[in-house]
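Subject: Handover of a structure and notes on it

Dear colleague,

Please find below the structure that I am handing over to you.

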Amino acid sequence: MNSAELVREAWLEATAEYDSIPFFSAIANGNFTANHYAMLLREIYHNTHENPEAFARMTGLLRGDQRKLNKKILRHSWQESGHDQMALDDLARLGYDPGAARDGRALWATEAFTAFTSFQMERRNPLAFLGYVYHLENVATSWGPKLGRCLHSLGIRPEAMSFLMEHSEADITHVKFNEEYFRELVTQEKDLEDVLYGLRGAVRLYSLMLQSVIDAVDQGWPEWRALDGTFRKTAVPTCP
Ligand SMILES: [Fe+2]
């Protein structure tokens, strides 16, 4: 197997339990609400806000022949730009003040998820960042459509699902970009081990972030109360 196939196999193994984690169980069991979706958008904002620049930073840490795909990676990074704003726009269309999400702090789990990958990239191996990106792209294409159907059944308008719809579609292509990065750049055993470490850590920490989204709403954490307090206090646009 080449490195892209090995990463794929590791990702499938690492996410084998994902259907049964509380977040996706809530979707399957009809316990997922519009409140959970709003809190998810808040955390997506905080995570995606860091990604384009982190992606570009990785290219600056690569050396020698590792730089051969930098033009493509930087284009990929550019395609991820502005997605944090999509999450805020979706929140506004749901009837929340996006400033309450933008100006607040991320949940600890979201911060840990985002920080883990930066640490791996900057202090361990820049290629480890690719394991994190691969998880995000795949989770969007694998579980995004299920979440979309759930939100539709809750009566949430498509205009408030722009982030989800964008990633359910665009990330199919981005997964293929990732496979090329692995084939071309991850040719040493040590690099593969570092990528898989980054990937497995991302899978577990992302799950923790999703768990925190559910807990924040169900247990009334301050971050949720601050966002919920703005509900319907702002104008709800009728057009995207
Ligand atoms: Fe993407």
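The model is a predicted one. Its confidence can be summarised as follows: the mean pLDDT of the protein chain is 93, and 97% of its residues reach 70 or more. Among the elements of the chain, helix α11 (residues 189–218) has the highest mean pLDDT, 98, while helix α10 (residues 162–185) has the lowest, 91. Please note residues 235–240, over which pLDDT stays under 50. For that stretch the model has six contacts beyond four places in sequence.

Overall architecture

The protein chain contains 12 helices and zero strands. Along the sequence its pattern accordingly reads α-α-α-α-α-α-α-α-α-α-α-α. A compact globule of 240 residues would have a radius of gyration near 18 Å, and the 18 Å of the protein chain agrees with that. Taken along the principal axes, the C-alpha atoms fill a box of roughly 55 × 30 × 30 Å. Buried residues account for 41% of the 240 residues. Of the contacts between residues at least 6 apart in sequence, 84% join residues at least 24 apart.

Helix α6 and its surroundings

Helix α6 covers residues 83–94, which is 12 residues. From its first C-alpha to its last it reaches 17 Å, close to the 16 Å expected at 1.5 Å a residue. Nine of these 12 residues are buried, so α6 is largely enclosed by the rest of the structure. The buried residues are His83, Asp84, Met86, Ala87, Leu88, Asp90, Leu91, Arg93 and Leu94. They pack against α3, α5 (70–80), α7 (98–102) and α10. After α6 comes Gly95, which has a positive phi near 110°.

Two helix pairs involving α10

Two packed helices are described by the angle between their axes and the distance between the axes. For α6 and α10, the angle is about 140° and the axes are 8 Å apart. Angles over 145 degrees would count as roughly antiparallel and those from 65 to 115 as roughly perpendicular, and α6 and α10 are therefore oblique to each other. On the α6 side the meeting residues are His83, Met86, Ala87, Asp89 and Asp90; on the α10 side they are Ser162, Phe163 and Glu166.

Helix α1 (residues 3–14) also packs with α10, at an angle of about 125° and with the axes 7 Å apart. The helices α1 and α10 are therefore oblique to each other. Ser3, Ala4 and Val7 of α1 make this contact with Glu179, Phe182 and Arg183 of α10.

Helix α3 (residues 34–48) has 15 residues. Its reach from first C-alpha to last is 21 Å, close to the 21 Å expected at 1.5 Å a residue. This helix is mostly covered, with 13 of its 15 residues buried.

Met39 is located in α3. With 27 other C-beta atoms within 10 Å, Met39 is buried. Leaving aside residues up to four places away in sequence, Met39 touches Val213, Ala216, Val217, Trp224 and Leu227. One of these, Ala216, is 177 residues from Met39 in sequence, yet the two are 7.8 Å apart in space, C-alpha to C-alpha.

Two further residues

Is Glu50 buried, exposed or partly exposed? Glu50 lies in the loop between α3 and α4 (51–61). It has 17 C-beta neighbours inside 10 Å; a residue needs 20 or more to be buried and 12 or fewer to be exposed, so Glu50 counts as partly exposed. The C-alpha atoms of Glu50 and Leu196 are separated by 21 Å, and these residues are 146 apart along the chain.

Ser153 is found in helix α9 (residues 129–153). Ser153 has 11 other C-beta atoms within 10 Å and is exposed. Between the C-alpha atoms of Ser153 and Phe177, 24 residues apart along the chain, the separation is 33 Å.

With kind regards

How values were computed
Residues are numbered from 1 along each chain as its sequence is written. This is a predicted model: local features need pLDDT of at least 70, side-chain atom pairs count only at pLDDT 80 or more; totals for chains, interfaces and linings use all residues. Helices (H or I, at least four residues) and strands (E, at least two) are DSSP runs, numbered from the N terminus. The expected span of a helix is 1.5 Å times one less than its number of residues. pLDDT is the predictor's confidence in each residue, from 0 to 100. Two residues are in contact if their C-beta atoms, placed from the backbone, lie within 7 Å. The radius of gyration is taken over C-alpha atoms; the globule rule is 2.2 Å times the number of residues to the power 0.38. Axes are lines fitted to C-alpha atoms, for helices over the stretch in contact, and angles run from 0 to 180 degrees between N-to-C directions. Angles under 35 degrees count as roughly parallel, over 145 as roughly antiparallel, 65 to 115 as roughly perpendicular and the rest as oblique.
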